[in-house]
Amino acid sequence: MKRLLSLGAALCLLLCACSQPFASQPEEPAAGGGLPALLGEKLPSGGSVPAAEAVSPPDLDDSAGLTLRYLYPLVFAGVTQMDWSAPDELEPWQLVAMYAFAEVWNADIPESALVYEDGWPCYYEAQERVEDYILGYFELPAAHLRSCDWYRPEAQAYSFGMEGGVGFAYAPEVLQAEYDAGSRQLTLYLSDGFGEYEGPSSQLTLRLEADGSFRCLSNRLL
């Protein structure tokens, strides 16, 4: 029951953030979560890493490195807080919000680049940029993303609200990792992200690709 309440609270936080426009920088979570440092940097697109790192498995004992490399910006979509066995089970807005947190709401968008929808300032990002970014982490059709309410087909772009505040307090960490060389699947056992429980709270499975990228396959709550 406690886990369900925490999941509900986290999803409510993200839903509130996504249901209204945004402008200010994200609030920093408590020290030790690793999120503030990431928000101050450009997050890598498509989960790409240097080719030299792709030919060998990651250091499974480097929890901090695994957290930095594989969890962000995935946590912005809330994908580690629910059970899913295929990417198309995730809501389109979750995936599009991942792009917004990583590339738009943390960026310095000039006022001249904004458009207004019903009096609200918004930023339009080309569909190719948004979709290429998200599909770099998840294998699913672009049509799934375009069913999001934020998609504007007439502009071939996604609309992101740019007024209000945005905070993000969920900061899970990798506690344990396993790697299967045959399937190239990396399994990460994650903390709950709120500091409320000891031990792993979810199990995220990724597939490492030959080009150095990775794809998210599933997540299971423990």
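This dialogue reads selected features of a predicted model.

Biologist: What kind of model is this, and which pLDDT limits apply?

Modeller: It is predicted: local features need pLDDT of at least 70, side-chain atom pairs count only at pLDDT 80 or more, and totals for chains, interfaces and linings use all residues. Residues are numbered from 1 along each chain as its sequence is written, and side-chain values use heavy atoms, with hydrogens and water left out.

Biologist: How many helices and strands does the protein chain have?

Modeller: Helices (H or I, at least four residues) and strands (E, at least two) are DSSP runs, numbered from the N terminus. Here the protein chain has seven helices and eight strands.

Biologist: How do I read a sheet, and what is the strand order in the open sheet of four strands?

Modeller: Strands of a sheet pair through backbone hydrogen bonds, either parallel or antiparallel. Two strands pair if DSSP finds at least two bridges between them. In this open sheet the order is β1-β2-β4-β3, and the pairing is antiparallel. The edges are β1 (114–117) and β3 (151–152), each pairing on one side only. Five bridges join β2 (residues 120–126) to β4 (residues 157–161). Cys122 has Gly161 in β4 as its bridge partner.

Biologist: Which helices lie across these strands?

Modeller: Contact means heavy atoms within 4.5 Å. Axes are lines fitted to C-alpha atoms, for helices over the stretch in contact; angles run from 0 to 180 degrees between N-to-C directions. Helix α5 (residues 92–104) lies across β2 and β4, at about 65 degrees to β4. Helix α6 (residues 127–135) lies across β2, β3 and β4, at about 70 degrees to β2.

Biologist: Is Cys122 buried or exposed?

Modeller: Buried means under 20% relative accessible area, exposed over 50%, partly exposed in between (1.4 Å probe, protein chains only). Cys122 is buried at 5%. Cys216 is buried too, at 1%. Of the 222 residues of the protein chain, 50% count as buried.

Biologist: How many disulfides are there?

Modeller: A disulfide is a pair of cysteine sulfur atoms within 2.5 Å. The count is zero.

Biologist: Where is Ala210?

Modeller: Ala210 sits in the loop between β7 (202–208) and β8 (214–221). Ala210 is exposed, with 61% relative accessible area. From Ser56, Ala210 is 154 residues away in sequence, yet their C-alpha atoms are 9.8 Å apart.

Biologist: What share of contacts joins residues at least 24 apart?

Modeller: Take the contacts in the protein chain between residues at least 6 apart in sequence: 69% of them join residues at least 24 apart.
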